[in-house]
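Have a go at each one before you read its solution.

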Amino acid sequence: TIASFFQAGGPMMWVILAVLASALAVIVERLVFFYRTANDKADDLAVTIARQVSDNQLSKALTTLGEDGGPAKRLMRRALEVAWEGGEANEIQQSVEELAMREIPTFNHRLNYLAMLANVATLAGLLGTIFGLQQSFSSLSVAEAAQKSSVLAAGISQAMNTTAFGLMVAMPLLAIHAKLQSLATSRTEDCDAGVVKLLNFFNARNRRSGNSNTRVVA
C-alpha cells in the first residue's frame, strides 16, 4: 500500500513530500496566472483599444482595460494614460518600455523553482538510498544471524523506496516545467505583439495629426 511504501522509505520521504507540496503550490499559482490573469489576448485587445481611441472614446478604452489584468493590459493602460495627458508617440513608447522592464519578467516568475525542486527531489532520493544502505550494513554487523536477512531487506527497501519516490516526483515536475515555460514564451510573444501594435497605432495617429515624427518600433 501507499502507506507502507511511504513508511518503509524512511525520513527522506518527508523531505521529498515537502518538495512535492512546494512544487504544487508553484504550479497552481502559475496556471492561475497564465490562464486567468495573463490570458489577455493582447493582439485582439489592441485592435479593440485602437478602435475606441479612433472614436475618441479614450475613457471607454481605459474602462475596457480596467485596473486589474495581466502585463499586456497594464502596459496598454500606461500607453493610454500617457496619451490622455497629451504625450507624443516617443513619450508613450518610453513610458511603456519603462513599465515593461517590470511587467515582462512576471511571465517567468518562479518557473526556475520547478527545475530546482525537481533536482532536489532526485538528490533527496539518492541521499535516502545512501541512508538505507548505511543502515543495512551497520545493522548487519550487530544483528544475529537469524535477523540479518530481515535487517538487510529493510535497509534495501528504504534505499529503493526513496529513490523511486524522488524520481516519481522529479520526472513530472520537469515535464510540467517545460510546459509552463512554453506557456510563458507564448504569453510573452502575444503581449509584445499586442503592445507594439498599439504603440504603432499611436505613432501613426500622431504622424497624421502632425504632432510627432518619431517612428515607434518594437
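Start with Arg-110, which is partly exposed, with a relative accessible area of 33%; partly exposed is the range between buried (under 20% relative accessible area) and exposed (over 50%), using a 1.4 Å probe and protein chains only. This is a predicted model, where local features need pLDDT of at least 70 and side-chain atom pairs count only at pLDDT 80 or more, while totals for chains, interfaces and linings use all residues. Residues are numbered from 1 along each chain as its sequence is written, and side-chain values use heavy atoms, with hydrogens and water left out.

**Exercise 1. Find the place of Arg-110 and look at its phi.**

Step one: go to the loop between helix 6 and helix 7, and there you'll find Arg-110. Helices here are DSSP runs (H or I, at least four residues), strands are runs of E (at least two), and both are numbered from the N terminus.

Step two: check the backbone. Phi of Arg-110 is near 65 degrees, a positive value in a residue that isn't glycine. Most residues other than glycine have a negative phi.

Step three: look for another such case. Asn-56, in the loop between helix 3 and helix 4, has a phi near 60 degrees, again positive and again not in a glycine. At 65% relative accessibility, Asn-56 counts as exposed.

**Exercise 2. How many helices and strands are there in the protein chain?**

Step one: count them up. The chain has eight helices and zero strands, so the elements read α-α-α-α-α-α-α-α from the N terminus on.

Step two: turn to burial. Of the 218 residues in the protein chain, 40% are buried.

Step three: look at contacts, meaning heavy atoms within 4.5 Å. Among those with a separation of 6 or more, 76% join residues 24 or more positions apart.

**Exercise 3. Work out how helix 3 and helix 5 are arranged.**

Step one: take the axes, which are lines fitted to C-alpha atoms over the stretch in contact, with angles from 0 to 180 degrees between N-to-C directions. For helix 3 (residues 42–54) and helix 5 (residues 71–84), the axes come within 11 Å and cross at roughly 20 degrees.

Step two: name the arrangement.

Step three: list who meets whom. Ala-42, Leu-45, Ala-46, Ile-49 and Val-53 in helix 3 meet Ala-72, Lys-73, Met-76 and Leu-80 in helix 5.

**Exercise 4. Which residues touch the most other members of the largest nonpolar core?**

Step one: know what to look for. A nonpolar core is a set of buried Ala, Val, Leu, Ile, Met, Phe, Trp, Tyr and Cys residues joined through side-chain atoms within 4.5 Å.

Step two: pick out the answer. The largest core has 51 residues, and Ile-49, Val-53, Met-76, Leu-80, Leu-198 and Phe-202 touch the most other members. Helix 8 gives the most to this core, with 13 residues.

Step three: follow Met-76. Leaving aside neighbours within four places in sequence, its contacts include Leu-65, Gly-194, Val-195 and Leu-198.

**Exercise 5. Is Thr-188 buried or exposed?**

Step one: locate Thr-188 in helix 8.

Step two: read off the accessibility. Thr-188 has a relative accessible area of 15%, so it's buried.

Step three: check the surroundings. Not counting residues up to four places away in sequence, Thr-188 touches Ile-104 and Phe-107.
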